[in-house]
Amino acid sequence: MKTSWLIPTLFVVAATPIGALPSATAVGAPGKQAADRCTACHSGLDEARLKAPALAADADVHHLQGVTCAGCHGGDPTSDDIATAMDPARGFVGKFPRAAIPEMCGSCHSNATFMLSYAPNIPTDQLAQYRTSKHGQALAKGEINVAVCTSCHDAHGVLPASDARSPVYPSRIVETCGACHGNKALMARYGIKGDEVAEYKRSVHYAALTTKNDLSAPTCKSCHGAHGATPPGVSSVSNVCGTCHLTQREKFDLSPHKDAFAALEQPACESCHSNHAIVRPTDDLIGVGPGQVCGTCHSAPDAGTMVASTIASTLTTTSSAVGHAQQRVDRASRAGMLMDDAVVKLEEANQALVVARVEIHTAKATAVAKQSNQALVASGAAEKLAATAEAEIRFRRTGLFVSLAVIAIAMLALILKIRTIER
Amino acid sequence: MRWLRALWQFLDDRLELQPLVDFAEHKEVPQYRHSWAYYFGGLTFFFFCIQVATGILLLLYYRPTAEAAFESVQFIVTRVPFGWLVRSIHSWSANLMILAAFCHMFSVYLLGAYNKPRELTWWSGFALLGLAMGFGFSGYLLPWNELSFFATRVGTDMVSKLPLAGPWLLKFLRGGEDVTGATLTRFFGFHVAVLPMITTMLIGLHLALIQRQGMHVPTRFEAEARSRRALPFLPNFVMREGVAWLAGLAILAALAAFFPWELGVKADPFASAPAGIKPEWYFLFMFEALKLIPAHVLGVEGELLGLGAFAVAGLVWFLVPVLDRGLRRRGFAILGWLALAYIVAMTLLSLFGVLK
């Protein structure tokens, strides 16, 4: 840090009424757009740095709620006179140093009474959470390059998190975090690889977010927290994943793996599924061979290898049977048969197969086999319905050919008769 | 066969049927290079008879309510013995009937058979084509599936654009503001009672006019027709028509067996309309044209303008026996070819997804 820059910064911070609420003249009635002289003057300035904030004010959530520029920057927003409006004696502080931003934002956002008037539905613990985050802790140690409020929310033209244009909207937050966390050179300074965002973009979660437009799909903040952003520790990974994957977590907790992983100080879910690049798990992952996850800890001929082998074999057989039934039903459907009953059976089979795959987390071959059997019974019923439909198709085609033959003979007889009488 | 002769004698004594038989026996069908066009009318009638027969069979199980219509058709095609065949034949035959009717109409038009003294035959035929399209429009909704529901919503909505009577007509067709179970019941009534009754009467009139006036021969082919021996109606023409009907039946059977008519998914009035909603193919030339017209043309609503243009075109088509006199014949023939080319091109472009 350059000391020539530090001295005036500290002076300004010292002069800033951090922790204090904006003055009465700086805020208007809640819900009523702010009217101040700051934007009136600044929007006419030539210097882009000074003009841009004024132009962004119209869409800014604070401005829309009655908080003027002076709410953050101090001064007198009612005065046209520059000297009065930007008088330090009236609390004017100008541009904030990054280090002061969380406390400045928190002066309102941590005040439950104040926030009640403006946005009663948003929490008021952001600053408290920020202080516990890696960002907040680093900032407290004097590392000013870490993320502060404006890094994610912008300084001016702040939009509600529910606005699709906001940088913290679910579909945009990955890019927002990635602006820093995707920068390997910057992240290297903090001992972070910097490829987390790129890895996340290969995951099923990112696919759900972007291709299915599923806004509830996990993003960075779902696992790391938003304001209290911090990496989940070994002991808390399963808690994080388990908030959505409840059943998998319950099954895992009942399995022998729970204690074993704890003893080895291995993270629960991450050990098999990875952390950011969580790809769609396939049955091929089960086993001790190359590219299979059980082989990380198990090797032949231990009991775990045997269980993995049995589970893999059961799932492969079941998956193949369900797939075969699906093909037959699809074929019959394409031939024009109504296969609603078979489709219901296939849904049952697929459902049971999904549950069987969830049972993998128990690491018990019998639990997987029980669900697999249900899938096999349902897919067998679908196969039977497909066979009936195939027989019906054969009957229809035979009937058609017989009918066509009869029609052709009748046509031929008529044509011969016509020829005879017209000769 | 003695009893058959006795029965004939019994009927002839009371109804004096012999003159009709004599008429049929002496009736002749002229032969020239385009006399193949005579078979389209009979083919249309054949498909109509199939529609009546299969329609009656479907009536045994069909239930015309929003709650039960889809399920009853589903029951017909999955549980009723040969129900799939009856429904499939009904749907395919409807399409083939309209196709045959279009072929019949254009062949009559292009050969100039609408001229005096056959104006009434042309007008009754025009009305019959309109009724056939009415059958198609009303029948399309009856399975109460997603496509038919939204296509009916779009189709009936176009009616509302008509000036003055539009909103009233919309309510009359829908039985309310929107397409609901009331619309289904109404369309069912049109489809199985009103339209068949009018159609049967008009077919009777149409056939009677043809028998009364005989087959038309265009002036430019009269010499050729005179030089060739005319075909006795009984049995030669009837047997030839029989071959055409059997060919139609074979095509119908193959289509019904290889491409069973899809049922789709049940209509959900609260769901959003699926992409690519289209009416039946015989409405596509109008539907696509209305879509291509800009929303507003010279301050007039585009759809209204399109509907107006089609109304004028339909009126010209209807009045062609009055408008086409003598020297104008050539111009009307070109108009007919242009109309045919336009309908075929728009329909094919829409069916092959070129127009989106």
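Let me start with a term: buried means under 20% relative accessible area. Keep in mind that this is a predicted model.

Now to helix H4 of chain B, residues 69-78. Which residues of H4(B) are buried? They are B:Ala69, B:Phe70, B:Ser72, B:Val73, B:Gln74, B:Ile76 and B:Val77. That is seven of the 10 residues, so H4(B) is largely enclosed by the rest of the structure. What covers them? Chain B contributes helix H3 (39-59), H5 and helix H9 (181-213). Chain A is there too, with helix H22 (340-358).

Next, the cores. The largest nonpolar core has 70 residues. The residues with the most contacts inside it are B:Phe47, B:Tyr62, B:Phe102, B:Tyr109, B:Trp122 and B:Trp144. Which helix gives the most to this core? Helix H5 of chain B, residues 83-110, with 15 residues.

Take B:Phe102. Leaving aside residues up to four places away in sequence, B:Phe102 touches B:Leu129, B:Met133, B:Tyr282 and B:Ile343. Another core lies apart from the largest one. This other core has 15 residues, among them A:Val293, A:Ala312, A:Ala352 and A:Ala375.

Last, a helix pair. Helix H8 of chain B, residues 166-174, packs on H9(B) at an angle of about 85°. Their axes are 7 Å apart. The angle makes H8(B) roughly perpendicular to H9(B). On the H8(B) side, the contact uses B:Lys171, B:Phe172, B:Leu173 and B:Arg174. H9(B) brings B:Ala182, B:Thr183, B:Arg186, B:Phe187 and B:Phe190. By class, that contact has five nonpolar, one polar and three charged residues.

Terms used: Residues numbered from 1 in each chain as written. Chains lettered and ligands numbered in written order. Predicted model: local features only at pLDDT ≥ 70, side-chain atom pairs only at ≥ 80, totals over all residues. Heavy atoms only, no water. Core = buried A, V, L, I, M, F, W, Y, C linked by side-chain atoms within 4.5 Å. Buried < 20%, exposed > 50% of the residue type's maximum accessible area, 1.4 Å probe, protein only. Helix = DSSP H or I, 4+ residues; strand = E, 2+ residues; numbered from the N terminus. Contact = heavy atoms within 4.5 Å. Axes fitted to C-alpha atoms, helices over the stretch in contact; angles between N-to-C directions. Parallel < 35°, antiparallel > 145°, perpendicular 65-115°, else oblique. Nonpolar A, V, L, I, M, F, W, Y, C, P; charged D, E, K, R; others polar.
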